[in-house]
Amino acid sequence: MARRIRDILRNGQPNEQIVIQGWVRTKRESKGFTFVEVNDGSSMAGLQVLLNEDTPDYADIVKRLSTGSSIEISGLLVESPGKGQRVELQAKTAQIYGEADAETYPLQKKRHSFEFLRTIGHLRSRTNTLGAVFRVRNACARAIHEFFQERGFLWIHTPIITASDCEGAGEMFAVTNLDLGKLPMTGDNAVDYSQDFFGKPAYLTVSGQLEVESMAMAFSNVYTFGPTFRAENSNTSRHLAEFWMVEPELAFCDLEGNMELAEVFLKYLFEYVLETCPEDMTFFNKRIDNTVLATADNIINSEFERITYTDAIALLEKADRKFDYPVSWGLDLQSEHERYLAEDYFKKPVIVTDYPTEIKAFYMRLNDGGKTVRAMDVLAPKVGEIIGGAQREERLDVLERRIQEAGLEAADYWWYLDLRRYGTVPHAGFGLGFERLVQFMTGMANIRDVIPFPRTPENIEF
Ligand code: 4AD
Ligand code: MG
């Protein structure tokens, strides 16, 4: 069986017989011998392979080999006399699986822009940067599960197709199997959803929160981690139409406990990734953003700032900075405000709490007086809002009123209200945008470059 190159680079010993499989990154031909660098995606660094005239079909193989071609090589691992690697592979046999035409293969040695790489979404993961991103992304996903599993949280698989708008923002993609060219209509000229697959309007979920709350009322501590969808037409470097979200929900918990969880959670994720992906993280620091390692250190070792929305507005009003969106109490904080607070003012993550009732979702617990709710947003330098959460409204009468005030139909939320009828408890939770986290961690400027196949307005090629 072929060995993974990451393992060989770390643990391989001279005189071991090994087989590797991968894709050629570079080829350097000399008289009588040729060096190729082979990468199998297991690490940033590839393995240097030496082919020489003793390798069967040497001339033919070297002629057909080029950047991007796939290959299997068996041979002897030896100490490398050259600089830059501890060991290299002396090929005994080489077999090409598939060639890659050097005239047309788009990933040649030069550095390509991320814009260009997005046009070859099916190939871009073979580059150093995207390779590092997706290894870090994988490590983050694993760390998320380990964090919650170690603490006894149940992983809940909440549905992708749903009838409820969790955020009440109307940014949902419809799911239907009606013939859009021949929609059945009711007498008063509305679409007759009773003839649709589910017998009523259905959507892709914007958040698993409502369902995961119901599971928290059975298992106490739970989390959901899956894809979510938003039809918001924002073409920014921080928005996707399809993104992954991690949503823990804790019964018998208030906003204080929620903030504590968010902070230890983020610290855990950064520590885990630094430990499991040191080469990739060093690469990001060198090539993408030279504050990546300092940021990680800052997350792990600093105490997050906590501030109420009202105090944050006062700070913004005093700032010696002109914002595009003028600041006053009631404003929904924009990215420029969030970044000012986290990046310029506090220079570390900031948890803003107790937002105005009008700008937050119906399910957040109303504070005394009714002007604000027990919301919390965690703002990170560079990316702005990375976590959004709240203590939930557990009082039936207040929640009913809030649903109505939000212009939603209480009848649509009957089962969610039932949770307040039967054994209600104070509870809280939050949602961490998984791509925003990976962006924050790697320093990648655009969210489209931290998800393998980004979905944004008018972009669904791959
Ligand atoms: O603040 P949001 O909308 O909160 C919720 O959905 C709650 N139901 C979560 C909860 O309490 N269980 O979204 C949570 C996070 C944001 O802080 C952001 O990081 C990310 O999801 N997010 C997006 N990421 C990428 N593209 C988008 N369009 C995003 N919208 C939100
Ligand atoms: Mg939010």
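Lys347 counts as exposed because its relative accessibility is 55% (exposed means over 50% relative accessible area, buried under 20% and partly exposed in between, with a 1.4 Å probe and protein chains only). This residue lies in the loop between H10 and strand S13 (350–356), and its phi is near 60 degrees, a positive value in a residue other than glycine. The model is predicted: local features need pLDDT of at least 70, side-chain atom pairs count only at pLDDT 80 or more, and totals for chains, interfaces and linings use all residues. Residues are numbered from 1 along each chain as its sequence is written, chains are lettered from A and ligands numbered from 1 in the order in which they are written, and side-chain values use heavy atoms, with hydrogens and water left out.

**Overall architecture**
- The chain has 13 helices and 16 strands (DSSP runs numbered from the N terminus, helices being H or I of at least four residues and strands E of at least two).
- Its C-alpha atoms fill a box of roughly 85 × 55 × 45 Å along the principal axes.
- Of the 462 residues, 51% count as buried.

**A further positive phi**
- Asp57 is not a glycine, yet has a positive phi of about 60 degrees.
- Asp57 is located in the loop between strand S3 (47–52) and helix H2 (58–64), and it counts as exposed because its relative accessibility is 58%.

**Ligand 1 and its shell**
- Ligand 1 is surrounded by 25 residues, of which the closest are Glu167, Gln209, Arg230, Glu247 and Glu385 (a residue is near a molecule if one of its heavy atoms lies within 4 Å of it).
- The shell has nine nonpolar, eight polar and eight charged residues (Ala, Val, Leu, Ile, Met, Phe, Trp, Tyr, Cys and Pro count as nonpolar, Asp, Glu, Lys and Arg as charged, and the others, Gly among them, as polar).
- Strands S11 (242–251), S15 (384–391) and S16 (427–433) each supply at least two shell residues; S15 gives the most, with five.
- A nitrogen atom of ligand 1 is 3.0 Å from an N or O atom in the side chain of Ser207.
- A nitrogen atom of ligand 1 is also 2.9 Å from a polar backbone atom of Leu240, and one is 3.5 Å from a polar backbone atom of Phe430.
- Taken alone, ligand 1 exposes 630 Å², and the protein buries 94% of that (accessible areas by the Shrake-Rupley method with a 1.4 Å probe).

**Aromatic pairs**
- The whole structure contains 23 aromatic pairs (rings of Phe, Tyr and Trp, the last by its six-membered ring, with centres within 6.5 Å; planes under 30 degrees apart count as stacked, over 60 as edge-to-face and the rest as tilted).
- Phe197 and Phe198 form an edge-to-face pair, because their ring centres are 4.8 Å apart and their planes are at 70 degrees.
- Phe197 counts as exposed at 59% relative accessibility, whereas Phe198 counts as partly exposed at 43%.
- Phe323 and Tyr340 are also edge-to-face, at 5.7 Å centre to centre and 80 degrees between the planes.
- Phe323 lies in the loop between helix H9 (309–318) and helix H10 (335–345) and Tyr340 in helix H10, so this pair ties together parts 17 residues apart in sequence.
- Phe323 is buried at 9% relative accessible area, and Tyr340 is buried at 8%.
- Ring pairs link Phe147, Phe148, Phe153, Tyr223, Phe265, Tyr268, Tyr272 and Phe430 into a cluster.

**Charges over rings**
- The charged end of Lys360 sits over the ring of Tyr355, 4.2 Å from its centre (NZ of Lys or CZ of Arg within 6 Å of the ring centre and within 35 degrees of the ring normal).
- The charged end of Arg420 sits over the ring of Tyr416, 4.1 Å from its centre.

Note on methods: Polar contact = N/O pair within 3.5 Å; in protein donor to acceptor, adjacent residues only side chain to side chain.
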